[in-house]
Amino acid sequence: MAELQAESEPLLGRAHGGRGRDSPPSGLSAFSSIQVGPGAMARQDLCINQAVVFIEDAVQYRSIYHRMDARSMWLYRWYYSNLCQRTLSFTIFLILFLAFIETPSSLTRTADVRYRSPPWEPPCGLTEAVELLCLLVFVADVSVKGYLVGWSQFQKNLWLLAYLTVLAVSLVDWAVSLSLLCQEPLRLRRLLRPFFLLQNSSMMKKTLKCIRWSLPDMASVGLLLAIHLCLFTMLGMLLFTVGEKDAEPNRERLAYFRSLPEALTSLLVLLTTANNPDVMIPAYSKNRAYAIFFIVFTLIGSLFLMNLLTAIIYNQFRGYLMKSLQTSLLRRRLGTRAAYEVLSSMPGQAGATPEAIGVKPQNFLQVLQKVQMSHSHKQALMEKVRSYNDVLLSIDEFQKLFDELDKSVIKEHPPRPQYQSPFLRTAQVFFGHQYFDYLGNVIALSNLVSICILDCIYILYYVLELLLKVFALGLWGYLSYPSNVCDGLLTSILLVLEISTLAVYGFPHPRWKPETLGLLSLWDMTRLVNMLIVFRFLRIVPNMKPMAMVVSTVLGLIQNLRAFGGILVVVYYVFAIIGISMFRGTIVAPLGNSSLAPANGSASCGSFEQLEYWANNFDDFAAALVTLWNVMVVNNWQVILDAYERYVGPWSKIYFVLWWLVSSVIWVNLFLALLLENFLHRWDPRSHEQPPAGTSEATYQMSEELMFRDILEEPGDEELMEKLRRHPHLWLCR
């Protein structure tokens with residue numbers, strides 16, 4: 001009963017009746033006296049656990065609007081544990097990966113219809129059983145989420161409602177598939193699988209919302225592009241018509257302007273410059289003045305309107321991305337403020353005077369011990385808290401402590417070993433100097449120039465260099481540099497390969513004719529060694545600051561662009577499934593010799609058949625992904641458009657043009673927008689300012705994901721308290 005009574009108290013209760021500088025506004029309940037006994041201990045444990053959950057929500061930018069009773073908090077922390085989240089991520093990966101195995105299977109060596117053998121098809125029920133297990137995991141996932149947020153919040157959350165709907169449709173479609181013995185023509189649930197990836201990533205949801213908000217501005221430029229395209233199509237149809245006085249057929253008209261759809265397609269492809277200058281040559285050969293038409297079209301469409309679209313997307317998307325990051329900042333501040341209110345309302349929390357309001361450092365340290373966060377951030381926070389001794393933490397000081405979460409620790413290299421001998425100390429200075437690295441770069445360059453010659457000598461030098469660096473820096477100091485780890489790994493592999501080659505094939509001699517022995521031939525082993533030598537030459541990158549900056553920025557983009565990558569995976573997946581449903585089996589190898597030499601000889605130059613594009617098909621999931629990639633790159637994509645128009649029908653162009661708009665126009669421009677923002681931030685001189693050596697700030701650097709923090713607005717105290725008042729589970733028993 002004591003525990004239930006403790007949980008029935010208001011979450012933001014106060015142990016005093018007055019209001020000080022940091023007390024909450026009116027509207028938040030307070031309890032009048034300090035509790036003692038078992039009930040007070042139960043409430044103290046409850047408050048500690050609530051503060052732990054709120055801080056973990058702040059660290060992960062999660063919403064705090066969920067149940068806060070003891071059992072719900074245990075379930076909540078268990079749900080967000082590494083084991084559960086990794087299990088959920090693996091389940092999402094598994095259900096998406098099924099597309100490569102289930103009918104039509106991608107388990108063949110080649111996608112070329114001329115040489116492809118019949119793939120292994122799984123028996124009915126095998127992949128369906130795996131899929132059912134995945135769907136049951138998702139049912140458990142949505143059930144736990146629904147319970148934690150409560151039914152009232154569940155009804156307002158569109159993502160959770162969509163999650164429930166997608167699961168219901170998938171389970172019904174799965175049952176239909178089993179009842180038809182896996183012979184159904186269309187599996188609707190395949191199109192819905194990418195939703196599981198979307199709903200599990202908050203950043204992908206924000207990115208999708210930003211894209212949706214940016215669509216009106218992109219549509220305005222797209223409409224302008226459509227008008228430009230239609231206008232020049234009409235002009236081209238009129239300009240390249242066949243007149244009464246023409247003595248010979250108009251080659252331009254016959255090749256590219258036969259009809260309105262053909263002309264529209266030709267100029268659409270020209271907008272991507274994929275068929276330039278092919279589309280211009282017939283008219284240009286007849287009259288050089290015709291070149292003006294195509295040059296003006298390309299200038300307006302490709303160089304002006306397409307780049308204008310990029311600029312608009314950059315400007316608009318950056319604004320909407322700011323809103324998303326502002327929401328993340330608000331979630332962090334709201335979580336930390338809720339933790340402060342909980343800890344400051346604990347029994348016996350008030351100071352010597354009733355006006356003293358704050359959090360005891362020892363209570364906060366007890367909370368931090370339980371919080372799941374990175375070890376470096378936890379240690380930094382605990383050191384800051386210990387510096388306050390027994391002084392109560394005010395709200396401003398409490399919030400300021402969490403600025404440590406916005407920093408990532410710069411890895412410090414272990415100290416170098418100490419040698420007693422003066423000769424060894426001199427050698428250590430020499431072999432640990434950066435000029436010794438420069439010497440290694442010169443040796444690697446000379447090895448690259450003289451590749452396949454004297455590889456044994458160069459590999460011996462690499463081994464000697466490794467040993468000397470370990471001598472100068474120490475083993476752990478050597479391993480603390482990623483470039484050294486890469487060099488050491490490649491050197492070890494090269495040494496093993498070279499010893500294996502000599503052991504199997506021996507040294508060259510006048511009558512030396514090595515045959516294939518073992519797994520790899522001599523030629524294969526030599527090629528492998530030379531490939532590793534080429535990779536080892538990348539060691540030069542860290543020694544060139546401009547190149548190192550570019551590479552570090554690109555590597556940093558991987559983390560910032562995970563949401564974009566996820567969106568692209570979703571789009572690829574959906575279009576691939578649709579492509580398989582519409583175009584599977586339409587590309588058929590011609591009869592006769594499999595080499596197709598006669599057929600290729602009779603095919604028109606530049607056609608699908610003459611270029612042997614037979615692997616660009618939608619007969620299985622893997623082949624569909626590669627075909628979509630080739631269309632997204634837009635190089636020679638008009639060949640694929642023409643082939644599917646002949647094999648399927650003119651309506652197939654709609655599918656490929658839609659894919660080009662989604663992938664090449666929208667997604668690539670969004671990618672460029674974030675790429676530009678990241679580079680501008682990284683190359684801003686202010687981002688390279690280093691704090692003075694020896695200060696506490698010198699061991700930290702700002703994290704990549706917070707590159708916009710300097711222009712975000714801090715939420716006000718009134719705003720935070722107003723949102724806390726609207727928390728649906730502040731009163732645990734009503």
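Tutor: In this predicted model, the largest nonpolar core has 133 residues, and Phe138, Phe196 and Phe364 touch the most other members. Helix α14 (residues 291-344) gives the largest share of this core, 16 residues.

Student: What makes a set of residues a nonpolar core?

Tutor: The members must be buried Ala, Val, Leu, Ile, Met, Phe, Trp, Tyr or Cys residues, joined through side-chain atoms within 4.5 Å. Another core, of 16 residues, lies apart from the largest one, and Phe431, Ile459, Leu490 and Ile533 are among its members.

Student: Which residues is Phe196 in contact with, leaving aside its neighbours within four places in sequence?

Tutor: They are Ile92, Ile95, Leu135, Phe138, Tyr163, Val166, Leu167 and Ser170. Contact means heavy atoms within 4.5 Å.

Student: How do you know that Cys124 and Cys182 form a disulfide?

Tutor: A disulfide is a pair of cysteine sulfur atoms within 2.5 Å. The sulfur atoms of Cys124 and Cys182 are 2.0 Å apart, and they therefore form a disulfide. A search of the whole structure finds one disulfide.

Student: Why is the disulfide of Cys124 and Cys182 called right-handed?

Tutor: The torsion about its S-S bond is about 70 degrees, so the disulfide is right-handed.

Student: Which parts does the pair tie together?

Tutor: Cys124 lies in the loop between α4 (82-97) and α5, and Cys182 in the loop between α7 (158-179) and α8 (188-192), so the pair ties together parts that are 58 residues apart in sequence. Helices here are DSSP runs of H or I with at least four residues, numbered from the N terminus.

Student: Is Cys182 buried or exposed, and how is Cys124 classed?

Tutor: Buried means under 20% relative accessible area, exposed over 50%, and partly exposed in between, with a 1.4 Å probe and protein chains only. Cys182, at 16%, is therefore buried. Cys124, at 42%, is partly exposed. Cys47, at 0%, counts as buried, as does Cys134, at 3%.

Student: What is the span of helix α5 set against?

Tutor: Helix α5 (residues 126-149) has 24 residues and reaches 36 Å from its first C-alpha to its last, close to the expected 34 Å. The expected span is 1.5 Å times one less than the number of residues.

Student: What rules apply to the values and the numbering?

Tutor: Residues are numbered from 1 along each chain as its sequence is written, and side-chain values use heavy atoms, with hydrogens and water left out. In this predicted model, local features need pLDDT of at least 70 and side-chain atom pairs count only at pLDDT 80 or more, while totals for chains, interfaces and linings use all residues.

Note on methods. Helices (H or I, at least four residues) and strands (E, at least two) are DSSP runs, numbered from the N terminus.
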